[in-house]
Every structure is written in structure tokens, then in C-alpha cells.
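Hi everyone, thanks for coming. Let me put the structure up, and then we can walk through a few spots together.

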Amino acid sequence: MKLNNNDLQSFEELPQGWTVTTLGEILPLTYGKALKKENRDKSGNVPVYGSSGQVGVHSNALTKKPALIVGRKGSVGEVYRSPAPCWPIDTVYFTEERDDGDLKYFEYLLKGLKLSKLDKSTAVPGLSRDDYNAVEVVVAPLDQQKRIVAEIEKQFSHLDEAVANLKRVKANLKRYKAAVLKAAVEGRLVETKAELTRRANVEAASRRLHQRQDAADTYETDEQLLQRILETRRRQWKGKGKYREPAAPDTTDLPELPEGWVWASPEQLSAGKQYSLAIGPFGSRLKVSDYTGTGVPLVFVRNIRTKSFGDSDTVFVSEEKADELRAHQVEAGGLLVTKMGDPPGDVCIYPANRPTAIITADCIKLRLSSNLPPQ
């Protein structure tokens with residue numbers, strides 16, 4: 001059965017007792033009445049409805065019964081149910097509760113019909129009563145309306161419970177991810193080099209029982225690695241002026257580390273060359289007017305957060321501008337960090353298949369020592 005302007009209901013044969021009618025016959029609409037905000041009695045308990053839902057309270061009601069409110073201007077076709085008499089303002093229509101109908105049933109029916117599709121305006125959105133009145137619907141008898149509402153609400157309750165469970169799972173996953181990262185950086189996720197070396201020495205001891213070999217396997221501690229990185233930097237320094245030692249972190253309130261580990265600052269771990277650790281250009285150094293459609297790509301917070309580069313919305317600057325901003329260049333394998341956003345601190349590696357880029361103001365780039373894997 002094909003119904004006029006109704007994609008929600010479809011029947012080959014009507015169930016017994018169901019009837020075909022129009023919205024104009026079963027749920028006639030009445031215009032709301034203007035009630036300016038300054039004229040509302042804020043001490044009242046009568047809800048005031050506009051096309052976006054309840055917009056306030058008043059001491060008097062326009063309707064005599066509970067009612068359905070339908071957006072006429074603005075949020076066209078939005079449907080709200082007031083369980084008590086209310087005041088619909090002039091941006092909406094309303095239809096009051098019927099003795100032979102369940103208001104919740106008709107609320108679900110109207111929401112399912114998606115009345116916004118009836119908007120034919122080209123400027124200010126609007127819903128015509130003539131278009132609304134012509135929509136054909138199939139309506140169940142009152143007893144079945146109540147059964148349908150009960151089943152809908154039961155299913156919605158299951159959906160709400162499922163959504164709540166998904167939110168809990170998402171929150172738990174977020175906590176688990178944080179716990180995994182915490183364990184990793186504290187040396188509790190995998191065996192440390194010291195532990196691996198000790199185990200290797202124990203296993204090797206049995207093989208040496210009949211050999212005159214007393215030397216144990218050794219490993220480079222992270223403190224030794226850090227010192228090697230710093231010594232290499234001093235030796236290879238070719239920057240301007242006298243070499244400046246990178247600042248070490250203040251470890252006063254930091255926890256004890258696993259054997260062989262060491263605290264280090266990002267500056268100590270950097271490649272040691274000029275601009276190895278830098279933030280993006282500020283102020284007039286990089287303006288929107290510098291953006292171009294081709295040239296050297298720019299890196300924004302959104303790129304770091306989504307770990308996506310080279311998309312269709314990539315923004316560029318000219319080769320000349322990029323040369324001015326060479327202190328802010330990031331190359332393949334460089335670490336990128338967001339210094340703004342909610343929260344800041346998202347990190348990614350600039351991909352190997354991407355050209356040299358320029359970071360923007362809310363980003364940090366770190367080129368690591370060649371002794372350190374960026375991962």
C-alpha cells in the first residue's frame with residue numbers, strides 16, 4: 001500500500017482494526033502564540049516550547065491538555081511531547097492529546113515520518129500545514145497503540161543500556177591504554193636490558209662449566225647510552241658560537257627507575273643540531289595569506305592527532321616561505337607533538353614517504369639522535 005508522503009509505513013494488507021487517515025484528520029495542528037522571554041513568569045512551572053525544545057517556563061498554559069509540539073520555523077519538523085499543559089510559542093505548531101489516542105504513540109509516529117522532508121522553502125526553513133495535513137498514515141487501535149509504545153520503550157531501554165555499556169567499555173579501554181603506556185615507560189611491560197642480560201648469563205653458565213671462560217655478557221646501560229649521545233654531540237658540534245650543554249631534567253620528585261634506565265630531557269635526546277627541537281612559527285611569521293595550493297606542506301594539530309598527512313585538505317607554502325621557516329622544518333622520522341588542544345600531547349612520527357614539511361604554531365618537532373629509534 002503506497003501512502004502519500006509516508007516512507008515509514010508500508011503494508012500489503014492492513015492489520016484488523018487499523019485505519020488509513022491523514023495527519024490533518026488525526027492530529028490537526030494549531031499555531032503557537034508569541035510569548036517574549038521578558039514576558040514569561042520565571043517562577044511558573046508551565047513549560048514553554050519553541051522549535052528547539054523547551055525554552056523556558058511560564059505561569060499560564062496555552063494548551064488545556066498534554067500536547068505534541070511540531071517545529072514550524074527554524075528546526076522544521078522537530079517533535080516534542082509535553083506531558084502537561086504547556087505554552088507553544090509562535091515558531092511551532094501544537095496538537096493536543098486525544099481521548100482515543102496515545103500521545104506517545106503519535107510522538108513516535110511523527111518522529112518516524114521525518115517531517116523536515118516537507119520543508120520546501122528556499123530561505124527561512126518552514127513547515128506548511130497544507131503539506132502536513134496531506135500526509136497519509138495508518139493508525140492502530142488504542143489498545144494496540146499502548147502495546148506498541150510499551151514495546152518501543154522496552155527496546156529503547158535495551159539500546160540505552162547498550163550505549164551505556166559501550167561508554168563504560170570505551171572509558172575502560174582509555175584507562176587500560178594509559179596503564180599500558182605507564183607500565184611501558186616505567187619498565188614494567190617487558191624485561192629490561194639488565195634482566196635480559198642476567199638471564200642470558202645464567203643460561204650461558206651451564207654451557208661454561210667445562211670451559212675456562214669467566215667473562216660475563218655485558219650491556220650498555222641507558223646512562224652510558226645517554227653519555228655516548230652527549231659526547232657525540234659535543235664532538236660533532238658545528239653550530240654557531242660555543243657549544244651549550246642541553247639541560248638535564250630535575251629528578252627531585254621523580255620515581256626510582258628500573259636498573260639500567262636513566263631520566264633524560266627531550267633536548268638531551270635530540271640530534272644536537274640547530275633547531276632539532278623547536279615549536280612552530282608564531283604571529284606574523286606564518287599567516288593565512290602565506291598559504292598556497294602547492295609547494296611545501298604544512299603540518300597542523302589535526303594531522304598529528306589523526307596521524308594523517310597528504311590528504312586533500314593539505315595546505316602549502318611557497319618554497320621561498322619555507323626557506324624563511326627552515327628552523328621549523330620536520331623531516332621523515334621526526335617526532336611531532338601537539339602543544340595545544342584538548343588535551344595537548346598527542347604524538348606521532350612524521351612518515352617516511354612524506355616530503356619535508358613546516359610545522360605550524362601549535363606543534364612541536366623533535367629530531368632525535370641517530371642512536372635512538374623514534375618508535
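When I say polar contact, I mean a pair of N or O atoms within 3.5 Å; within protein, one must be able to donate a hydrogen and the other to accept it, and residues adjacent in sequence count only if both atoms are side-chain atoms. With that in mind, look at S82: a polar atom of its side chain lies 2.6 Å from the backbone oxygen of A84.

A word on the model: it is predicted, so local features need pLDDT of at least 70, side-chain atom pairs count only at pLDDT 80 or more, and totals for chains, interfaces and linings use all residues. Residues are numbered from 1 along each chain as its sequence is written, and side-chain values use heavy atoms, with hydrogens and water left out.

Back to S82. Is S82 buried or exposed? It is buried (under 20% relative accessible area, 1.4 Å probe, protein chains only), with a value of 0%. S82 touches P47, Y49, P66, A67, I69 and L103, leaving aside residues up to four places away in sequence; touching here means heavy atoms within 4.5 Å.

Now, the pockets. On a 1 Å grid over the protein atoms alone, a pocket is an open set of points where a 1.4 Å probe fits, with protein on both sides within 12 Å along at least five of seven lines; lining residues have an atom within 4 Å of a point. Grid points are joined across faces, edges and corners, and a volume is the space filled by probe spheres set on the points. The largest pocket has about 1,200 Å³. Among its 28 lining residues, V185, W261, L269, L372 and P373 are the closest to its centre.

Methods:
Buried < 20%, exposed > 50% of the residue type's maximum accessible area, 1.4 Å probe, protein only.
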